[in-house]
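We will go from the whole chain to single residues, one stop at a time.

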Amino acid sequence: MKKFSYVCLMLLSMYCMTSCTEEKGSTGLPRIPFKEYLNHTDKISIGTDEIKHIEYVPLELTDDDASLIGTIVDIAMTDKFFFVQTFEEFKLFQFSRDGKYIRTITQQGDGPGRLQTPGFTIWTNEKEQKLYVSEAENISVFTFDGKFEKKINRNGRWVNYAGGDGLDWVAETYRENIPFDIPPYFGIGTFRYQDQAAIDTLSMKKDYWDLSVAPLEKTSFFMGCFIQCQEGYRYGVSCNDTLFTMTKEGIEPFLIMDRGASSEEKKLLFETHMESHPELIYIRHACETPKHLYFRFFNNGNWYLLSYEKSTGKVLCQKTDISLEENQDYDEWPTYPGIENEVNGGLPMWFKNWNPQTNVAIQATSGATIAWMKEEGMIKNLPDCLKDYPEDGNPVVAVYHFK
């Protein structure tokens, strides 16, 4: 009897080990086979078990339109301020924590403190009261009172996304849609900026290409997912099926984003001048919370949401009612499709940034998008401060306080 029990126990153990290996794939990393979930009808939502409370902060639109915000590139929040960067004229706005306009810190131009090339990320250091604006080839540093301090040249690196801990540790990614075979290519890396003459490379990864799929001169980063996480930052792109974690200790693979693409389909993801393919999975955005990773992707013209529970590996997937075309027409941020809001039934949730130190995430939604979502019945319970919100009003920042 003991021998039988022992054999059963061994078989069960071997089965569990095999199942875990299959779920993680040949690399040993967790794997999400996106195509296998296209027909799922799961419900993806966030409730009070994860979020303590939500604030909605309308950003002031002044009578002279000095604070008028167009397409938001990035937004950062501190204890006292919101900083908002826009694509139009690369303007950088500062608002108080209750949404009052304070100043326009800078905009596009050639003078001291002006921004020359479009960047896609900003970050802050509250201890030093500094704001960092990433441009394609530079980092501009401002104080919280709006004064320009310095511009640091990256010595030839072309950067798309960046974020960090002041200048002591900065995670950076190579420019999207630029071929890998030109000299500035560096892949992804972490760096320390001491001064103009001293930039230390802490870690770097640059072997993303697969020459069996496409030649190097036609391979580039495309649709990068750059998000803040507990450890530092994560980054994954269409030309590589791996989501990497960038930390102060180095760069490590985190999970496999398996799009199930054939070699011919992958070629379209690799090539610089790609065309849309109905069978391909285009992972467009990602965001992270203490418990989950969320992906927003489109396939054959439809938007999907997928959630990944970090502790268990559980995956849920939901096809949304919104098409890619509608999303582009009405919601350029975009906020929608978003995660169902079970906390208060307010705006659908999609986070631009989650700060693991404060455990707070923020999301900006334009007045036009709120009006569109109201008309389409996408909001279950509109907060009082947004019931009569003007369509041409400035964006509203939703602040999510996680447990």
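**Before you click**

This is a predicted model, in which local features need pLDDT of at least 70, side-chain atom pairs count only at pLDDT 80 or more, and totals for chains, interfaces and linings use all residues. Residues are numbered from 1 along each chain as its sequence is written, and side-chain values use heavy atoms, with hydrogens and water left out.

**Stop 1: the whole protein**

Show everything as a cartoon. The C-alpha atoms fill a box of roughly 80 × 55 × 45 Å along the principal axes. The radius of gyration is 22 Å, which agrees with the value near 22 Å for a compact globule of 403 residues. That radius is taken over C-alpha atoms, and the globule rule is 2.2 Å times the number of residues to the power 0.38.

Now colour by burial. Of the 403 residues, 54% count as buried; buried means under 20% relative accessible area, exposed over 50%, and partly exposed in between (1.4 Å probe, protein chains only).

**Stop 2: the largest nonpolar core**

Select I339, M349, F351, L386 and Y400. Of the 39 residues in the largest nonpolar core, these touch the most other members. A nonpolar core here is a set of buried Ala, Val, Leu, Ile, Met, Phe, Trp, Tyr and Cys residues joined through side-chain atoms within 4.5 Å. Elements giving two or more residues to this core include β3 (51–58), α2 (263–270), β20 (282–288), α4 and β27 (396–402). The most comes from β27, with four residues.

Which residues does L386 touch, not counting residues up to four places away in sequence? They are Y56, L347, I370, K374 and V396, where contact means heavy atoms within 4.5 Å.

**Stop 3**

Select α4, residues 367–375, where G367, T369, I370, W372 and M373 are buried. After α4 comes G377, whose phi is positive, near 70°. Then pick α2: E265, L268, L269 and F270 are buried there, and the buried residues of α2 pack against β20.

**Stop 4: a strand residue**

Move to N240, in strand β18 (residues 240–246). Is N240 buried or exposed? N240 is buried, with a relative accessible area of 14%. Leaving aside neighbours within four places in sequence, N240 is in contact with Y208, M257 and R259.

**Stop 5**

Most residues other than glycine have a negative phi.

- F90 sits in the loop between β5 (81–86) and β6 (92–96). F90 is not a glycine, yet its phi is positive, about 50°. F90 is buried, with a relative accessible area of 9%.
- N300 lies in the loop between β21 and β22. N300 is not a glycine either, and its positive phi is about 55°. N300 is exposed, with a relative accessible area of 52%.

Finish at D145, in the loop between β10 (138–143) and β11 (148–153). D145 is partly exposed, at 40% relative accessible area.
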